[in-house]
Amino acid sequence: MTNRLADTLSPYLRAHADNPIDWYPWGEEAFAEARRRDVPMLISIGYSTCHWCHVMARESFADPATAALINDGFVAVKVDREEHPHVDGAYMAAASAFTQNLGWPLTVFTTPAGRAFYAGTYWPPAARPPMPAFRDVLAAVREAWTTRRAEAEESADAVTAALADAARATPSDLPDPAALAEAARGLAAREDGEFGGFGGAPKFPVATTLRFLQEPLIRETAPEAAAAAERALAAMAGSDLHDADGGFFRYATRRDWTVPHYERMLTDNAQLLEVALDAGDEETARGVARFLLGTLRRAGGGFGAAQDSESWIDGARSEGGYYLRPVAERATLEPPAVDGKVLTGWNGLAIAALARAGAALGEDAWIAAAADAAAAVLGANRGPDGALVRASLDGKPSAAVATTADVALLAEGLLALAAATGDVAWAVTARDLLDGALDGTAGDDPLLRAQGIAVSPDHTDGDLPSDTAAVAQAALTAWRLGAGDRYRAAAAARVEALASRALAQPFAHGSLLRVAAGLAAAPRQLVVVTEDRDGALGTAARGADAEVIAVVTPAQAAAFAAAGFELFEGKESTAERAYDCRAFVCRLPVSDPAEVSRAR
């Protein structure tokens, strides 16, 4: 049989189109069918490069006997977590009430209204104690729904209420430098002193945490804690987590960074490119950029979501076998597939990283690739009404709405691109997008909202910044570029709303703490006005330690000023000057490259 997934945009859903299960994609039709049949929903969440998703698909979803149990007792819904991150986030939070072993594939059993009453991750086809067989789970859930329905619905209501309560936070003042330094020291206390990084097995790059530790304020007030970020990067770069072609794998299954989980994500690599750049590790930065441009970049200019862990070798599926071969031998093999979805926010991360790294390392091709990706996303990732959507595939837009984080991360990327190119048009577009995120017109999932299910229960980082942190960071960047004080106020308000929680749980709020550190110190803003953007003065500025580095022609400076970016006001008439500013207070301009300090 062919189910309803064949014509969807998601490669993950399409891979399940020939399952004997009567899958529905995420949408109102599935909810209506569950109400009509008065049966629970089985919501299965995963993504196309997820190894255990592939395993469960082969073992259970392709099995006719298991499919018959699902079709008879449930309405089955398949969700791509990358296309619907709020759906994944809401149900991952709900699943935490039933299991501590969170991950993907995520299997959630809900009422016809979508409220979870049981959940788990991977279940095998036959019992492997302590894991029950998936078919036994299906039978037990159906029996509970049939004979103890009131208890199941009561459990679902309790989980929903608890998540709604967890979403509330008590505002506090902005953290001062001492509080932020203490949070950084708390993170550093959890460093693995033997192998670097944080935590045990499985071990993740935690790029959001590393970027907070690299903040200038932390380097100044807690240098011993800041150094943990460089040690983590060095450990990862010298380990099996770092592939020979320059890309990083998702995580290591062992504490010493060995035995990677071989999928490679755009999110991790884009953020680690910035970590490497800030750490002064040019070799690692160049390797990551090479992977992004050579493997994940799609024909239309955007970047695909991830590269699979599995590939075909000698007629069999192999997890990691391709990556275990020397690079020279890989040319004879079919490479693992790339999920070609061009995700709006994830591409924003890549645009920002390539623009900043390209400017700092003198790689114009990287900046051009960032501009191509920006044009691709702004062109293809739009719905019929012109609003941004979550993703596109081969130029076809998804029906899933763009999240607030999508909009903010794309805005952040465009602001970085404006600084790298001197083209104010990118900054104007970024400001327009950011205004939508600030006034609430950037959306969450409408179906979850309609069902009264908490969408963003705790505002914590996952493999990328939380919605709140992404908006706050983009607003802070816009203010630093001169967009106006209201953007700094917007960033501050978002930090204040969650500051006490972030300081108490710094590992879960690295991105928000990074914004807090940026608010607690005056930014350094370097503007070079020159007719020769590639000349010695511009080159000296691009190597400096500063939050804003913009090398522009007099005409470009005038365009920024005319568009309302006050950092450039009064600078458009000079032919060859470097302005070194602290929170918009500028020193006397200089024209000698030797007078442009690299240090703060």
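## Basis

The model is predicted: local features need pLDDT of at least 70, side-chain atom pairs count only at pLDDT 80 or more, and totals for chains, interfaces and linings use all residues. Residues are numbered from 1 along each chain as its sequence is written, and side-chain values use heavy atoms, without hydrogens and water.

## Negative patch

Asp364, Glu531, Asp532, Asp534 and Glu576 form a negative surface patch (residues with over 30% relative accessible area and no salt bridge, like charges being joined within 9 Å; a salt bridge is a side-chain nitrogen of Lys or Arg within 4 Å of a carboxyl oxygen of Asp or Glu).

Asp532 sits in the loop between strand 16 (524-530) and helix 24 (536-542); helices (H or I, at least four residues) and strands (E, at least two) are DSSP runs numbered from the N terminus. Asp532 counts as partly exposed because its relative accessibility is 45% (buried is under 20%, exposed over 50%, partly exposed in between, with a 1.4 Å probe and protein chains only).

## Asn3

Asn3 belongs to the segment before helix 1 (11-14). Its relative accessibility is 7%, so Asn3 counts as buried. The Asn3 side chain reaches the backbone nitrogen of Leu5 at 3.0 Å.

Gly27 is placed in the loop between strand 1 (24-25) and helix 2 (28-37). With a relative accessible area of 19%, Gly27 is buried. Its C-alpha atom is separated by 8.7 Å from that of Val77, 50 residues apart along the chain.

Phe117 is part of strand 5 (residues 116-120) and is buried, at 8% relative accessible area. Between the C-alpha atoms of Phe117 and Ala158 the separation is 9.1 Å, and these residues are 41 apart along the chain.

Notes. Patches are made of residues with over 30% relative accessible area and no salt bridge: like charges are joined within 9 Å, nonpolar side chains (Val, Leu, Ile, Met, Phe, Trp, Tyr) within 5 Å. Accessible areas come from the Shrake-Rupley method with a 1.4 Å probe; for residues, only the protein chains shown count as cover. Lys and Arg count as positive and Asp and Glu as negative; His and the chain ends are not counted. The place of a charge is taken as NZ of Lys, CZ of Arg, CG of Asp or CD of Glu. A polar contact is a pair of N or O atoms within 3.5 Å; within protein, one must be able to donate a hydrogen and the other to accept it, and residues adjacent in sequence count only if both atoms are side-chain atoms.
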